[in-house]
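Me: Got a two-chain file here and I want to talk through the packing. Can you take a look?

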Amino acid sequence: MSSQLTSTSLITSLGSGSAQPIRKLTISLVVLTLGALTISSLLSRQIWESNLGISAPLIWILAVILVTSFFISSSVLSLVRISGISKGSDNLGRHLAILPVPPLTSWAIRLLPSFVLTMVIAIFCLPLSLAFAHAVTTSYLLSASFCLYGCFAGLCFVLWPIHHTLLRMTKPLILVGGTAIGVRLLSGELTFWHHISRETAPYLLISLLILPILGLIPSYLEKPGNYLPTSPSLILISLPKTTLQAFWYVLKILRNRSSLTDVSFLLIAALFLASTAERQSAIAGLEIIWITISMSAAGGLAGELRSLVPRHKAAEVFSLAGPFFLIRSQLRGSLVATSITCLPFILVLLHSGGWTPAHVIAIYLMSQLAACSLGIAVGSLVAPPPRDVGGQLLSVSFSATACYLLAKGAFYFSIPVMQLAILATSIPLTLLASHYIESLRIRSYGHI
Amino acid sequence: MSHLSRNPSPLLTVSSLVIRRSRSFTLAIPHFELLSGKITSLVGANGCGKTTFLEGLTGLVTPQGGEIRINGYVQDGRQIEAKRHVGYIPDDDSWIIPELTAAEYFKLLISLAPKEEEKTLEKRTTELSSLLDFNAIDMQTGALSHGNRKKVQIIAALMRRPKVLIVDELRNGLDPIVIRVAERLVQAEAQAGTAVLAATHDLWWAERFSDQVAILADGDIVLREKTARIQEEWGSLENCFLELCAGGIHE
């Protein structure tokens, strides 16, 4: 495999949109790796020091590690649109389609960026699995092997080439739904299927997670750059052709396959989390944690939506009503998207009865607005171009982290009025910051 | 030594080709061939399938039926030998790798050739850059002007001396001096035995530049004839085109 092809593959996926792509690639990888290591170390320390009090057979523990690492890996890779890279619909993919590159090399080159990101995810998962192995006193080597395999299986699952929008949207459903069933099987909650006991469930899950590996075969057989529409999308056809000017960004989100997949994925994940928490009665008393989770999810989604318009010379800015129009539209779009994806959270918060409905609604609405505004500000700053996976990942992780910190700051105070005041103050500040960044980008375009 | 012979042999043959672009458009070409040493212009109305046809020939899109052979090798998008013999100059100026400088881009292409050819290709790249007056070699291709991107695409396609050269709107974006140079370069390739297919909307240019013309209409080649013969029969390629594609609308 030529070193030029290898570096080009990484540069085009993780270093694009920069005048110094190698520098951007290096920074992206260093920041992502360090970020993954830091968060993982913090979480691992808590697991390491905790007495989980789990007494379970080795196979059950390995199945838990496998399912968890598979879920983390496939979720992250799905969300950063790795499927776009594996399809090779980018410039390098088109070149690979016509250049004299052996099919195996071409496939490896298309796979490389996804594989590198999987390694970063493995760096995040590995310390967690080792800490878990320590907490339940089991084999480190086996835990690490199952964790690495889980990450790899997640990659293979994402690599399954699916061109039909409806089928693409079932992927997150399979992913989250499958994981939900897996978790319930392991916890012994599913009793309707008598053939599967708590003892046999781990074997079944481990066997099932061999299946994603088969995704490597169609991804190898798929030709790079073959961007002919193979099946027209029912969703795109059934979308309205016109919309109110205020909601054009919502239509833009719906027309974009990747953002539509992201929204559906987050919705399904939120449904799974909220229903699990509701069943385990883990809402009352933990309202702030659930608000923080919903803020991070909303911020991450809002931070990614900037990639729907070009980084520079966006027609939306030049041909329509300028940067503030773009920001307003993004805010409306992200509010609509996050109000759908985070709906399960507000429902369980209202149902738990820990806070009064007025309190829940006020805090929830303000926190969503603040998270979207902050996400848009971070998105404006990073402004990942379409298909810039590294930029999108940075934008999503920075936005989610910024929202987490904002939530920490706001909920540091126990008085609801103070919490609301802090969240409300952040909204105009972050929107003004977005406007300033976009205006600066327009003014500095073409200058070094 | 030139591989041009007295009876030019087909370097590209298409048989029973079917490419379904959408539900409403299918390209279906029963037979087509490109001869060694000949320049064939491909003309047709907007949306008649020119670009789809070119993308099928280059291996970019997979046909739903039929066969394309390049220098005897099946072009199925995976055969490395078929790909080795095709050069493609696209009309789309995004057909570059914007993150790479022109020098890095050429280096990438050279790295895909057999080791023993590397020196020759480097020399050829320098020679073509000089002829096309391309001196932005260290700039990122994404930051190049439209014309300079076209020069990069021409150099990239011609450096390997392909046996089949597919050209989409050669003159777009180039200044008159560079147009002349680019035309001479393509003609020189044809004289050395390359089969050239040049898609264009400029009928006057097609008439002047090519040995034969193929007219594509409604997803099929409706005419493939020597340029001289077309001029003899219709007076000009424009008359012929309007007759076949617009039912004599010029009248």
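Reply: What follows covers a helix pair, a sheet and the chain contact. This is a predicted model, where local features need pLDDT of at least 70, side-chain atom pairs count only at pLDDT 80 or more, and totals for chains, interfaces and linings use all residues. Residues are numbered from 1 along each chain as its sequence is written, with chains lettered from A and ligands numbered from 1 in the order in which they are written.

Me: At what angle do α17 and α18 of chain A cross?

Reply: Roughly 155 degrees, with the axes of α17 (343–352) and α18 (357–382) of chain A coming within 9 Å. Axes are lines fitted to C-alpha atoms, for helices over the stretch in contact, and angles run from 0 to 180 degrees between N-to-C directions. Helices (H or I, at least four residues) and strands (E, at least two) are DSSP runs, numbered from the N terminus.

Me: Which residues meet there?

Reply: A:Ile346, A:Leu349 and A:Leu350 from α17(A) meet A:Pro357, A:Val360 and A:Tyr364 from α18(A); contact means C-beta atoms, placed from the backbone, within 7 Å.

Me: Switching to chain B, what is the strand order in the sheet?

Reply: β2-β1-β4-β5, an open sheet of four strands with antiparallel pairing; strands pair if DSSP finds at least two bridges between them. The edge strands are β2 (26–35) and β5 (73–74) of chain B.

Me: How many bridges join β1 and β4?

Reply: Five, in chain B. B:Val14 stands opposite B:Ile68 in β4(B).

Me: And how many residues does each chain give to the contact?

Reply: Chain B gives 27 and chain A gives 27. On chain B, the elements giving two or more residues are α2 (80–84), β6 (86–89) and α3 (102–111).

Conventions: Contact = placed C-beta atoms within 7 Å.
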